[in-house]
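Welcome to this structure! Here are some notes to read with the model open beside you.

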Amino acid sequence: YGPTGTGKTFDFLSNVEAMIKKKEIDDFDILTITEWFEDIDFLAYIVPTPTGIKYTEKKIVSLLRDASKGKKVAILLDELNRGGKSFLNLILKLLDAVDGKSYVLNNFIADEQIVIPIENVMFFGTMNLWGKYVGTNALDEALFDRWNKVLYKGYNLDVEKDIIKNFWTFAGDAFNIVKYVREIHTSGEIRAPISTRWVKMW
């Protein structure tokens with residue numbers, strides 16, 4: 001968790017790509033969560049047809065089913081604290097390995113329970129700071145407790161200095177601008193700091 005543009009999702013991608021190369025996992029998926037994201041949005045796409053509504057299963061459900069059969073997978077719940085109540089409740093139950101051996105996904109669309117051995121799936125999550133970003137919620141204490149490790153990720157000045165080297169003779173000035181804007185953001189004078197994403201885009 002931490003401010004926007006610090007590379008939280010990038011860290012997940014770089015790690016899982018390295019794990020795939022080492023054959024530690026077979027596949028991964030990123031589920032991007034938006035405001036009012038509910039349990040049905042986790043499970044399927046709703047597709048209108050001339051005869052009614054059709055549900056098309058999402059990749060994440062297929063991956064978890066494959067994991068129940070032995071495939072090793074990693075799942076990122078990106079922007080976790082933007083989800084709606086029914087979604088967060090689904091995740092709360094999914095991440096609760098009551099028997100210490102398996103996760104259980106209640107896929108009510110297909111009327112099935114997918115039982116996944118805990119060694120076959122790694123769950124990751126990212127979230128921004130609650131209260132500072134529109135559409136974010138406080139994470140329920142019980143859901144927060146489901147994560148084995150929680151890390152704050154701020155801006156990495158060493159990485160940014162390396163990026164800012166590309167400004168050549170303006171590198172010093174560019175770094176001072178980033179530093180100054182973050183200082184006046186901290187004091188509440190402006191709404192947002194300059195993120196690492198912005199530095200990269202420059």
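This is a predicted model: local features need pLDDT of at least 70, side-chain atom pairs count only at pLDDT 80 or more; totals for chains, interfaces and linings use all residues.

1. Now look at Ser195, in the loop between helix H7 (171–186) and helix H8 (196–201). Is Ser195 buried or exposed? Its relative accessible area is 3%, so Ser195 is buried, given that buried means under 20%. Beyond its neighbours within four places in sequence, Ser195 is in contact with Thr4, Gly5, Tyr155, Glu160 and Arg182.

2. Next come the aromatic pairs, of which the structure holds seven. One of them joins Tyr1 and Tyr152: the ring centres are 5.4 Å apart and the planes meet at 70°, so this pair is edge-to-face. Because Tyr1 lies in the segment before helix H1 (8–21) and Tyr152 in the loop between helix H5 (141–144) and helix H6 (157–164), the pair ties together parts that are 151 residues apart in sequence. Tyr1 is partly exposed, at a relative accessible area of 38%, and Tyr152 is partly exposed as well, at 48%.

3. Phe12 and Phe124 form another edge-to-face aromatic pair, with 5.2 Å from centre to centre and 65° between the planes. This pair also links distant parts of the chain, as Phe12 is in helix H1 and Phe124 in strand E7 (residues 121–125), 112 residues apart. Phe12 is buried at 5% relative accessibility, whereas Phe124 is partly exposed at 28%. Together with Phe28, these two residues form one aromatic cluster.

4. Finally, follow H1 itself. Its 14 residues reach 21 Å from the first C-alpha to the last, close to the 20 Å expected. Which residues of H1 are buried? They are Lys8, Phe12, Val16 and Met19. These residues cover an arc of only 60° around the axis, so they are on the same side of H1. An α-helix has 3.6 residues a turn, which means that residues three or four places apart point the same way. The cover over the buried residues of H1 includes strand E1 (27–32), strand E4 (73–78) and E7. On the other side of H1, Phe10 and Lys21 are exposed. Just after H1, Lys23 takes a positive phi of about 60°.

Key
Residues are numbered from 1 along each chain as its sequence is written. Side-chain values use heavy atoms; hydrogens and water are left out. Rings of Phe, Tyr and Trp (its six-membered ring) pair if their centres lie within 6.5 Å; planes under 30 degrees apart count as stacked, over 60 as edge-to-face and the rest as tilted. Helices (H or I, at least four residues) and strands (E, at least two) are DSSP runs, numbered from the N terminus. Buried means under 20% relative accessible area, exposed over 50%, partly exposed in between (1.4 Å probe, protein chains only). Contact means heavy atoms within 4.5 Å. The expected span of a helix is 1.5 Å times one less than its number of residues. The arc is that of the directions from the helix axis to the C-beta atoms.
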